[in-house]
Amino acid sequence: MAPRNPLDAAETAAQHDHGSSDQITTASNDLDDNYEFFKGRDEIEATEDEVKKVIRKIDYRVVPVLFTIYFLQYLDKNAINYANSFGLKEGTHLQGQDFSWLGSIFYFGYLASQFPSGYLIQRLPVGRVVSITVIIWGSIVLTTPACKSFAGIATNRFFLGLTEATVNPAFVLIMSIWYTNDEQPLRLEAYYCTNGLATMFGGLIGYAVGHITTGLPRWTYVFFIFGGISVVSGIVSLFVLPDAPSTARFLNQRERTIAVERVARNRAGVKNHHFKKNQAIQCAKDPKTWILFIMAIGAQVPNSAITTFTSEIISSFGFDTLGSQYLQIPGGAVQFFSLILGGWLCTKWPRGSRCPTMIAANTICIIGAALLVTLPDENKWGRLVALWLCFFQGLGFSMSLTMVSSNIAGSTKKQLTAVILFTGYCIGNIIGPQTFLEREAPHYRSAYVAMLVGYTVKLVSVLVLYLYMWRVNAARDAAGPMDEKAAVEAGMHDQTELDNKGFRYSL
């Protein structure tokens, strides 16, 4: 029978456990929260069919919830893009750069929430934190139609960013809790591809709303629809999304042990809820942290072009109001299929495919941005195709998230690295909308140049990160054969990837 409280049982077991090497400490706060189940791995010999069954059960329970929540967070934060075509500016009395500031203010809230939410995600059951957050932000979206001024809707957007900030770092952690390194790319893209689906769905909703001729102002319906769906989904998630393998009620005791043992092979542990100062210091000194930070800034400066300002950009090419809605659908399709294809490739050939995939996707984005800068204004279809090429951006950035879930070990360090990456994400998204200068409307040349610069910075960052990790792997391989068992044990004692010499980066 499983221990009533696996966390307490694991910490009690620490008093008697001496690890597999002298370098592995046995203090109770070093042990993984799921360590008691990990210790039971020697008592079972799981068959291949049993392991596949456990993976299927995890997939059916975890991935659909992540898919739904990520779909909704993308829709909700970009609802102003769809509402903008139907009187949002007039209904909230926006002028000049006010709309651009709505795009930036969301990320000020996102930025303010990064460290508090990262701490809560590590300390508390992650499934419940995510579910409650979805209910709160859905309620915020429902109140948006009550805003009648810039101050009101700006405050609304700030608090929406404050709550949505939990999702991305939480999902990075969830990937590392439930899946092996080789399994993560496809599962991550399975939920991240909803950015593309949401773009298509949002365009369809916008098109439908455009045909409403009675009742409330048309722009308000976008928020009522999106917000209502989010609240209901958050409530469902509260009862469905599990927190960790050791407490997952949809798995029996044997299956929990199998689930923990599988993830332990990542040599990064599963989850440890203790905050560790030494890991925080190492995170601040690790060059990977700041490469990912710069990469995120470069990636997100262009982001507003394919989110907040998409309707305006397409309209600026010479298409009408309804066209500005349904012509977003092909861009969403590009994003969706590129994400699925990239995730499949990196799962099919897991050794050394992630960084090359990021490089290829980013190169396509550079081509798209360069065309937006250089093509003449009258070539509206060429410029539209160039904009669609920029939707490959999602593939490059999503793969950078696997750099955290797969390549950072130590729970405190992993969570802080994600926080710093998403701090860069926020900075890029704050800068991006400000490059859409009202005085340059409708051509926005400064914004297109900023996109090209951002994609170039991101490409250089990926190349530097790839070279750094490849050299570390090569040096460790040259130092002698790896002790697999000791490396796994070190991971379950919450050692970081720098301290655990048996760790190897997924390239």
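Analyst: Helices α19 and α21 cross in a left-handed sense, meaning that the near helix is turned anticlockwise from the far one by less than a right angle (clockwise would be right-handed). The model is a predicted one, in which local features need pLDDT of at least 70 and side-chain atom pairs count only at pLDDT 80 or more, while totals for chains, interfaces and linings use all residues. Residues are numbered from 1 along each chain as its sequence is written, and side-chain values use heavy atoms, with hydrogens and water left out. Helices are DSSP runs (H or I, at least four residues), as strands are for E (at least two), numbered from the N terminus.

The axes of α19 and α21 are 7 Å apart, and the helices pack at an angle of about 155 degrees. Axes are fitted to C-alpha atoms, for helices over the stretch in contact, and angles run from 0 to 180 degrees between N-to-C directions. The two helices are therefore roughly antiparallel to each other (over 145 degrees; under 35 is roughly parallel, 65 to 115 roughly perpendicular and the rest oblique). From α19, the residues in the contact are Arg354, Cys355, Thr357, Met358, Ala361 and Cys365, and they meet Gln393, Leu395, Gly396, Met399, Ser400, Thr402, Met403 and Ser406 of α21. Contact here means heavy atoms within 4.5 Å. By class, this contact has seven nonpolar, six polar and one charged residues; Ala, Val, Leu, Ile, Met, Phe, Trp, Tyr, Cys and Pro count as nonpolar, Asp, Glu, Lys and Arg as charged, and the others, Gly among them, as polar.

Both helices also take part in the surroundings of α10. The buried residues of α10 pack against α19 (354-374) and α21 (393-407), and also against α3, α9, α11 (194-209) and α18 (329-348). Seven of the nine residues of α10 (residues 184-192) are buried, so this helix is largely enclosed by the rest of the structure. The buried residues are Gln184, Pro185, Arg187, Leu188, Glu189, Tyr191 and Tyr192. Buried means under 20% relative accessible area, exposed over 50% and partly exposed in between (1.4 Å probe, protein chains only).

The axes of α7 (residues 126-143) and α9 (residues 167-178) come within 11 Å and cross at roughly 150 degrees, which makes α7 roughly antiparallel to α9. This crossing is left-handed. Val126, Val130 and Trp137 of α7 make the contact with Val167, Ala170, Phe171, Leu173, Ile174 and Ile177 of α9. The residues in this contact comprise nine nonpolar, no polar and no charged ones.

Aspartate 243 and arginine 128 form a salt bridge, with 3.1 Å between their closest N and O atoms; a salt bridge is a side-chain nitrogen of Lys or Arg within 4 Å of a carboxyl oxygen of Asp or Glu. Arginine 128 is in α7, whereas aspartate 243 is in the loop between α12 (218-240) and α13 (253-264), 115 residues apart. Aspartate 243 is buried at 15% relative accessibility, and arginine 128 is partly exposed at 45%.

By this rule the count comes to 16 salt bridges. Glutamate 48 and lysine 52 are four residues apart in α3, about one turn of the helix. Glutamate 48 is exposed at 59% relative accessibility, while lysine 52 is partly exposed at 41%. A further salt bridge joins arginine 267 to glutamate 484, with closest N and O atoms 3.1 Å apart. Arginine 267 lies in the loop between α13 and α14 (277-285) and glutamate 484 in α24 (residues 484-492), so the pair ties together parts 217 residues apart in sequence. Arginine 267 is buried at 15%, and glutamate 484 is partly exposed at 33%.

Helix α22 (residues 411-434) holds glycine 424, which is buried at 0% relative accessibility. Not counting residues up to four places away in sequence, glycine 424 touches Phe293, Ala296 and Ile297. The C-alpha atoms of glycine 424 and alanine 296 are separated by 5.1 Å, although the two residues are 128 residues apart along the chain.
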